[in-house]
Amino acid sequence: MTDQVRDAIIALQGGFEVTSRSAKYADVAERYEADAVYEPGTVVIVGGENEITQSTQKMDRRVLGVVSTEPYLIMNSPHRQEDQTDEMNPAVGLLGRVPTKVSGFVRKGDLMITSTEPGVAEAWREESSPPAGSIIGKSLEDKDSRGVEVIEVVIGAK
């Protein structure tokens, strides 16, 4: 029932496309030009050949967000930039719940940062705070394995 979607799309002149829905994942996103095709859940940074690329460094302060599955709101409306609605211009979740690729053990509430695995987050394990600008968000789920899995993360939660 949580994934039941009720659409009421309103295209506003101000550049917003609002999709009213009742869904498990509901984030605020914006489209960015990527340097490759990235699947949903990929952690991206500002950089690369275009506007965004997948993360590859631990604690990267250039982190922007996570490629979204079903954004609630896309801030740069496609009706104004139809050439930017393809897979090379993914909607990147900037705020809210987004399924995210994560490596290693995670506890609910852990701060999430970029890892050395391309496009993958990991939990911050130190007692001190991570460097400013390097936090992706907070985990909403526990993960009890070392490998990469997709879990729900609240993007923007610090």
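Of the 158 residues in the chain, 43% are buried, where buried means under 20% relative accessible area, exposed means over 50%, and partly exposed lies in between, with a 1.4 Å probe and protein chains only. The coordinates are a predicted model, in which local features need pLDDT of at least 70 and side-chain atom pairs count only at pLDDT 80 or more, while totals for chains, interfaces and linings use all residues. Residues are numbered from 1 along each chain as its sequence is written, and side-chain values use heavy atoms, with hydrogens and water left out.

**Whole chain**

Show the chain as a cartoon. It has zero helices and twelve strands; helices (H or I, at least four residues) and strands (E, at least two) are DSSP runs, numbered from the N terminus. Switch to a surface: the chain exposes about 8400 Å², and carbon and sulfur atoms supply 48% of it. Accessible areas come from the Shrake-Rupley method with a 1.4 Å probe; for residues, only the protein chains shown count as cover. Among contacts (heavy atoms within 4.5 Å) between residues at least 6 apart in sequence, 63% join residues at least 24 apart.

**Lys 58 and Glu 122**

The structure holds six salt bridges, each defined as a side-chain nitrogen of Lys or Arg within 4 Å of a carboxyl oxygen of Asp or Glu. Select Lys 58 and Glu 122, whose side chains form one of them at 3.1 Å, N to O. This pair links distant parts of the chain, 64 residues apart: Lys 58 is in the loop between strand 5 (52-54) and strand 6 (63-67), and Glu 122 is in strand 10. Lys 58 is partly exposed, with a relative accessible area of 45%, whereas Glu 122 counts as buried at 18%.

**Arg 107, Asp 110 and Arg 125**

Next, select Arg 107, Asp 110 and Arg 125, which a network of salt bridges links. The Asp 110 and Arg 107 side chains meet at 3.5 Å, N to O. Those of Arg 125 and Asp 110 meet at 3.1 Å, N to O. The latter pair also joins distant parts of the chain, 15 residues apart: Arg 125 is in the loop between strand 10 and strand 11, and Asp 110 in the loop between strand 8 (91-103) and strand 9 (111-114). Asp 110 is buried, at 7% relative accessibility; Arg 125 is partly exposed, at 40%.

**Ser 129**

Finally, select Ser 129 in the loop between strand 10 (121-123) and strand 11 (135-139). Ser 129 counts as exposed because its relative accessibility is 64%.
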